[in-house]
Amino acid sequence: MDTRSRTDVSVFGLQVFLLYLYTIGHNVAEQEVENLSGLSSNPEKNIFAIRENGTTCLMAEFSAKILVPYEVPASNDVDWNAEEAIIQLPRETEIKGRCWNNESELHLSWLDKAYTLKLFFLKEGQDSTKSSGLKWKMNKIQFFYDLSERTYFKNGARPGKHTSSRHHLSLMATPIGMSYECEATEKISLTSSDHQKTVVLILSEAHIQPFDIKSDFVYSEEYKCATDQRKQLEDALPLILGLTLGVIIVIIVVVYHIHQKMTVNQVQIPQDRSLYKHMG
């Protein structure tokens with residue numbers, strides 16, 4: 001075997017070895033998963049956790065619905081009528097997930113994988129040693145569904161498996177080391193492979209942390225979504241206005257009493273000039 005052949009074999013062997021390491025690394029990233037939805041008092045709320053080496057690396061709880069438009073034959077058997085399926089994320093959900101330093105994923109499947117929702121999270125910036133000013137976000141969503149499944153889709157629906165997705169997102173942007181919390185309803189539009197129809201993912205009562213969980217099964221400090229922050233301000237505004245008005249009233253009363261005392265203590269000058277001669 002000549003030198004060139006030996007070099008080619010060596011390069012090929014190195015490539016195979018690197019591919020093996022990459023595969024092993026990603027297989028290790030298949031984590032232990034927990035469906036803790038039974039702990040929630042809300043039957044529509046789900047709780048999920050992914051653990052690595054006995055420590056939680058991703059936690060998520062939320063209520064989720066997916067609105068999926070589809071078509072069924074009209075009565076004339078020529079046209080198609082528009083319908084909309086409302087798919088509730090059930091508690092009987094199969095979970096898969098992965099955690100890496102700068103990326104993490106949560107995969108949720110139900111009804112024999114007729115439906116699968118995948119949520120992808122990403123750290124902004126690659127230097128995990130410098131967390132100041134960095135954020136994590138939900139950067140991609142995918143939803144797979146089968147129109148042949150009859151739990152949510154009527155008989156006669158156009159058959160076919162479809163994918164709806166959104167990429168390059170910046171949802172739930174949260175400072176590194178904090179969890180995202182949002183009681184308000186959030187609607188996210190996805191584009192479907194079914195004639196570019198719009199599928200809508202509706203999330204509510206969300207509490208999510210895909211990175212840097214310091215204590216097992218315990219969220220870090222909450223970062224409130226903008227909608228919740230506005231609601232808190234709106235709820236507090238009447239109290240703030242009431243307190244401000246109360247302070248103003250107290251100030252007016254105090255000033256009035258001070259003015260009254262000063263007026264009483266002043267020497268009373270007769271307004272009738274004829275009385276001046278009796279003074280002195």
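1. A contact here means heavy atoms within 4.5 Å of each other. By that criterion H207 touches M59, A60, E61, S179, Y180, E181, Y219 and E222, leaving aside residues up to four places away in sequence. The model is predicted.

2. H207 belongs to strand 13, which covers residues 198-209. Its relative accessible area is 8%. Because buried means under 20% relative accessible area, H207 counts as buried.

3. Overall, the protein has 2 helices and 14 strands. Of its 280 residues, 36% are buried. Among contacts between residues at least 6 apart in sequence, 56% join residues at least 24 apart.

4. One of the pairings involves K187, whose bridge partner in strand 13 is I202. The hairpin of strand 12 and strand 13 has 5 residues between the strands, and in this hairpin H195 takes a positive phi near 55°.

5. Strand 12 (residues 186-192) is also joined to strand 9 (residues 161-166), by 2 bridges, and these strands run antiparallel. Here S165 stands opposite T191 of strand 12.

6. On the surface, V250, V254, I258 and M262 form a nonpolar patch, with about 370 Å² of accessible area together. V250 lies in helix 2, which spans residues 226-265. For the protein as a whole, the accessible surface comes to about 17400 Å², and carbon and sulfur atoms account for 56% of that surface.

How values were computed
Residues are numbered from 1 along each chain as its sequence is written. This is a predicted model: local features need pLDDT of at least 70, side-chain atom pairs count only at pLDDT 80 or more; totals for chains, interfaces and linings use all residues. Side-chain values use heavy atoms; hydrogens and water are left out. Helices (H or I, at least four residues) and strands (E, at least two) are DSSP runs, numbered from the N terminus. Buried means under 20% relative accessible area, exposed over 50%, partly exposed in between (1.4 Å probe, protein chains only). Accessible areas come from the Shrake-Rupley method with a 1.4 Å probe; for residues, only the protein chains shown count as cover. Patches are made of residues with over 30% relative accessible area and no salt bridge: like charges are joined within 9 Å, nonpolar side chains (Val, Leu, Ile, Met, Phe, Trp, Tyr) within 5 Å. A salt bridge is a side-chain nitrogen of Lys or Arg within 4 Å of a carboxyl oxygen of Asp or Glu. Two strands pair if DSSP finds at least two bridges between them.
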